[in-house]
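Me: Hi! I'd like to talk through this model with you, a bit at a time. Here it is.

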There are 2 protein chains.
Amino acid sequence: MGPSQVLSLPLEWKGGGFGELTGLVVTSRVRLARNVARFPFSVAISPEEAEKLVELAFEAASRSPLFREAVKLRLDRMDEISRGVLFERHQISFDMMRASPQMPRGLILDGSGTVSVMVNEEDHLRIQVLLGGFRLREALDIAFKVDEVFEALGYAFDDEFGHLTSCPTNVGTGLRASVMLHLPAMQSSGVMDELLKHCNQLGLTVRGTYGEGSAVFGALYQLSNQVTLGRKEEEIAELVSRVTREVAEEEIARRDRTRRERGKAFLDHLWRAWGTLRYAQVITSKEALEKLSVVRVGSDMRILPEIPMNMWNELVLLTQPYHIQAMAGRELSPEERDVHRASFLRSKMELLS
Amino acid sequence: MGPSQVLSLPLEWKGGGFGELTGLVVTSRVRLARNVARFPFSVAISPEEAEKLVELAFEAASRSPLFREAVKLRLDRMDEISRGVLFERHQISFDMMRASPQMPRGLILDGSGTVSVMVNEEDHLRIQVLLGGFRLREALDIAFKVDEVFEALGYAFDDEFGHLTSCPTNVGTGLRASVMLHLPAMQSSGVMDELLKHCNQLGLTVRGTYGEGSAVFGALYQLSNQVTLGRKEEEIAELVSRVTREVAEEEIARRDRTRRERGKAFLDHLWRAWGTLRYAQVITSKEALEKLSVVRVGSDMRILPEIPMNMWNELVLLTQPYHIQAMAGRELSPEERDVHRASFLRSKMELLS
């Protein structure tokens, strides 16, 4: 499967997911870390054992109606751009994108573009459910169903601790429930460190756009649980949801305050970003995301023309470096990407203007 | 006469003046300095004598068919905004704008908005002909006709030196022939000092947008003769015209080179300026002129949508501080002006997009 085919695979979250906190919560994600008892953990697994594990996981998926329309991919045999596209879609992790051709690594994507199961990541199985908008509970319910599909492989499970995982931070439920939040007003108010402290006290954390250790692009932050042990899955999802609502309210209040305090200068800021996206002929990924963040605020606050979330998600996603190259059908230099990106943005912004 | 009436007076140069070097030569101007023999020079004139001189000049104009539809104004009795508007239109000098209410100062504007005659400026009479585009010879011919109208007042004239003037640099023909040139490529190449030196050797000079000692706005420079003595008027106009063609050619060559060398980044520069003018909600006079300069280049090079010179002149003129206030019908704070200016630009740019 090449870049253009990967591009055309369904992706649920791109559709937007209307409802509560639209525009503020971009995606909801639930991830379960699972290991198969009769295989060594990923750090110690041999390529032959890894190969066997991929086979078993693919077979398990094949037996379930949940994966009737699924696509099963071998990341170790995939070209770089295709892997990059999957990473930018948040369907595989950074480590999986950097997959070595010596180690068999698999990916199962369900037919709706909601579920992705990574095989031979840090854990044997990383079950991920990704939905557009604020829908953590729904994502959790789907994850439970997917979990049952692979349980037949025989999970490494301890009656006292729960699921055993490669990294001790995942032991227990193996659950990470996270939301992608758009927090430009909090970011520019310089309160993110404060928010992080507050979250840590609750057993939560705030991370960059592409997860742990990643940078923040376009004021997109991942809020997720840190503790996986000693709490029920539903409680974890509920806690993340509750804090999400608090943070979103704070963000909205800060946007309103900025608008009141800065007046016309605030409108100017929003409209100039619109003008840049509409007319730039060369634009870096970083600047594009910054400007997209600004126009998202303008749309949310009904100052700029409305940008539906499906359109905005598409703009954010398709202007990423690997997506730009996948659309062009070839590798592009950074300079070429900046030109392609600007051209793509212009064509879309013209439709919105 | 108040600001809104001054605003609605005809102004020939605003129409653009199509023809040779359109876009590069914004206006052509001829000015004759004249003094009336029986009055002391302006530095020594009393308010009573000045009053008499204004009357005489107004009467002389009334007797000529050239000034049949003329407007005769007393600058010393005029409000600040109206005077500012006349200054921004280049119909009166900086000193005349700053007119003291104690000293009678007159202005005669012909019905076509081509001729303006200042009474009691540095010289008793400053006859000015201002045309849109590159039309120095035409301006000179009109100036000669206007000169005949006021000759009946008895000019201070010396058979050896010619016309006598307040400042020795104007003795002789009393002529200044100048063109307003748009030179953004030469400006950004840093060759203006070199150009000035070259011009000085030829008896010419390069000045800021509003003449001697003024700053440069939007890369608009005045090229004019420095020497008024010992040369015929036609020769002076011819010399200024010849150097204008040379400078304009150099400017065009530099624009083409920049386009070749900078490629997409150059297009980006042009289109982003367009976007700013189209969408900004707050814009200073300085930034507006900078961006208008950039989109002028884009239009001249047929990269951006065409901006006809009459439209561009209007944008440049009506975004000036006094014009903005005249349009608003009241004094505005600098902050209010920046908002009004942006609003005006948006409405006009929308028509062009």
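Me: How do helix 8 and helix 9 of chain A pack?
Reply: Helix 8 of chain A and helix 9 (residues 264-279) of chain A pack at about 115 degrees, and their axes are 5 Å apart. Axes here are lines fitted to C-alpha atoms, for helices over the stretch in contact, and angles run from 0 to 180 degrees between N-to-C directions. Helices (H or I, at least four residues) and strands (E, at least two) are DSSP runs, numbered from the N terminus.

Me: What do you call that arrangement of helix 8 and helix 9 of chain A?
Reply: Helix 8 of chain A and helix 9 of chain A are therefore roughly perpendicular to each other. Angles under 35 degrees count as roughly parallel, over 145 as roughly antiparallel, 65 to 115 as roughly perpendicular and the rest as oblique.

Me: Which residues meet there?
Reply: T258(A), R259(A) and R262(A) in helix 8 of chain A meet K264(A), A265(A) and F266(A) in helix 9 of chain A. Contact means heavy atoms within 4.5 Å. By class, this contact has two nonpolar, one polar and three charged residues. Ala, Val, Leu, Ile, Met, Phe, Trp, Tyr, Cys and Pro count as nonpolar, Asp, Glu, Lys and Arg as charged, and the others, Gly among them, as polar.

Me: Before we go on, what should I know about the model and the numbering?
Reply: This is a predicted model, where local features need pLDDT of at least 70 and side-chain atom pairs count only at pLDDT 80 or more, while totals for chains, interfaces and linings use all residues. Residues are numbered from 1 along each chain as its sequence is written, chains are lettered from A and ligands numbered from 1 in the order in which they are written, and side-chain values use heavy atoms, with hydrogens and water left out.

Me: Thanks! Which strands does helix 8 of chain A lie across?
Reply: Helix 8 (residues 233-262) of chain A lies across strand 1 (25-34), strand 8, strand 9 and strand 10 of chain A, and runs at about 10 degrees to strand 8 of chain A.

Me: And what is the strand order in that chain A sheet?
Reply: Chain A has an open sheet of eight strands in the order 2-3-4-5-1-8-10-9, with antiparallel pairing. Two strands pair if DSSP finds at least two bridges between them. At the edges are strand 2 (71-74) and strand 9 (204-207) of chain A, each pairing on one side only. From one strand to the next, the twist averages 20 degrees.

Me: How many bridges join strand 8 and strand 10 of chain A?
Reply: Five bridges, in the antiparallel sense, between strand 8 (residues 175-182) and strand 10 (residues 220-225) of chain A. V179(A) stands opposite L223(A) in strand 10 of chain A.

Me: Switching to chain B: what does strand 1 do with strand 5?
Reply: Strand 1 (residues 25-34) and strand 5 (residues 125-132) of chain B pair in the antiparallel sense over eight bridges. There, R29(B) stands opposite L130(B) in strand 5 of chain B.

Me: Where does helix 2 of chain B lie?
Reply: Helix 2 (residues 47-62) of chain B lies across strand 2, strand 3 (106-109), strand 4 (115-119) and strand 5 of chain B, running at about 175 degrees to strand 2 of chain B.

Me: What about helix 5 and helix 8 of chain B?
Reply: The axes of helix 5 (residues 136-151) and helix 8 (residues 233-262) of chain B come within 9 Å and cross at roughly 155 degrees. Helix 5 of chain B and helix 8 of chain B are therefore roughly antiparallel to each other. Their contact has five nonpolar, one polar and three charged residues.

Me: Last topic: how much do chain A and chain B bury between them?
Reply: About 1,500 Å², 60% of it on carbon and sulfur atoms, is buried between chain A and chain B. Buried area is the accessible area (1.4 Å probe) that two parts lose on being put together, summed over both. R272(A), Y279(A) and Q281(A) supply 43% of the area that chain A buries against chain B, more than any other three residues.

Me: And how many residues are in contact?
Reply: 18 residues of chain A are in contact with 18 residues of chain B.
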